[in-house]
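Hello,

Here is the structure I promised to pass on to you. Please have a look at it, and then read on for what turned up.

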Amino acid sequence: MTQSPVTPEQMDAIREVVNIGAGHAATNLSALTGLTVMISVPRIQWADPANPALPGTGDVVLISVPITGVSEEGGERASLVLATETALRMVALMLRRDPSQHQEVGAFERSALMEMGNIVCAAYVGVLGTFLSKGVMIGTPEMFVGNRDEIEDPTAHGLVIETDFTFLATTFEGVFVLSHSDVSFASLLTALGFRDVARPGGAAV
């Protein structure tokens, strides 16, 4: 198990930021679909490369966006990961269509999933920018569909946020990942009121 570089108190503060982001994501998805969308209280853990937290089984859908404005060094990303079967069921329910019409991730399904991933990532990143008092933005989404063993696992670095999406009485498991640079993560902890936060290299921010 990878040792978390944050204290329990710091993780509690980060959890509050994540909860706000989840609320914004649910509101925005409701506006997009015209449905009542609920997102569970997120379960947060520090990434453990030896035990990746990819959801479900089989192939996965990964929607990832670069984050700009957090640090000069860059390197931050936000990602939403869904099991492919789950993603297809979500598309059918969001569009109120027969699930049999969505058996694979084609151009239509890809467009719907990219929009959903963009909304979820933007909601979390927007809250991050609020706490950092910075104009944090996301870039163009990228999407991968395929074998989970063939992707560059986004849960290997950063915060792994397991959450459930519920709409039309159906619950879907997803994983949101907030990857970061050493500087940006230390800056977030400082913005949350923790002083003399040490970066992994030993210097304080």
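Is Tyr124 buried or exposed? Tyr124 is buried, because its relative accessible area is 8%; buried means under 20%, exposed over 50% and partly exposed in between, with a 1.4 Å probe and protein chains only.

A word on the background before the rest. This is a predicted model, in which local features need pLDDT of at least 70 and side-chain atom pairs count only at pLDDT 80 or more, while totals for chains, interfaces and linings use all residues. Residues are numbered from 1 along each chain as its sequence is written, and side-chain values use heavy atoms, with hydrogens and water left out.

Now the aromatic rings. The structure has 2 aromatic pairs; rings of Phe, Tyr and Trp (its six-membered ring) pair if their centres lie within 6.5 Å, and planes under 30 degrees apart count as stacked, over 60 as edge-to-face and the rest as tilted. Tyr124 and Phe176 form a stacked pair, because their ring centres are 4.1 Å apart and their planes lie at 20°. Since Tyr124 belongs to helix H3 (residues 107-132) and Phe176 to strand S8 (residues 170-179), this pair ties together parts that are 52 residues apart in sequence. Helices (H or I, at least four residues) and strands (E, at least two) are DSSP runs, numbered from the N terminus. Phe176 is buried too, at 1% relative accessibility. The other pair, Phe167 and Phe172, is tilted, because the ring centres are 5.4 Å apart and the planes are at 35°. Phe167 is buried at 4% relative accessibility, and Phe172 is buried at 1%.

Next, the helices. The axes of helix H1 (residues 8-33) and H3 come within 8 Å and cross at roughly 140°; axes are lines fitted to C-alpha atoms, for helices over the stretch in contact, and angles run from 0 to 180 degrees between N-to-C directions. H1 is therefore oblique to H3 (under 35 degrees is roughly parallel, over 145 roughly antiparallel, 65 to 115 roughly perpendicular, and the rest oblique). Tyr124 comes up again here, as one of the H3 residues in the contact, and Val17 is among those from H1; contact means heavy atoms within 4.5 Å.

Last, Leu188. This residue sits in helix H4 (residues 182-191) and is buried at 5% relative accessibility. Leu188 touches Leu128 and Leu132, leaving aside residues up to four places away in sequence.

Best wishes
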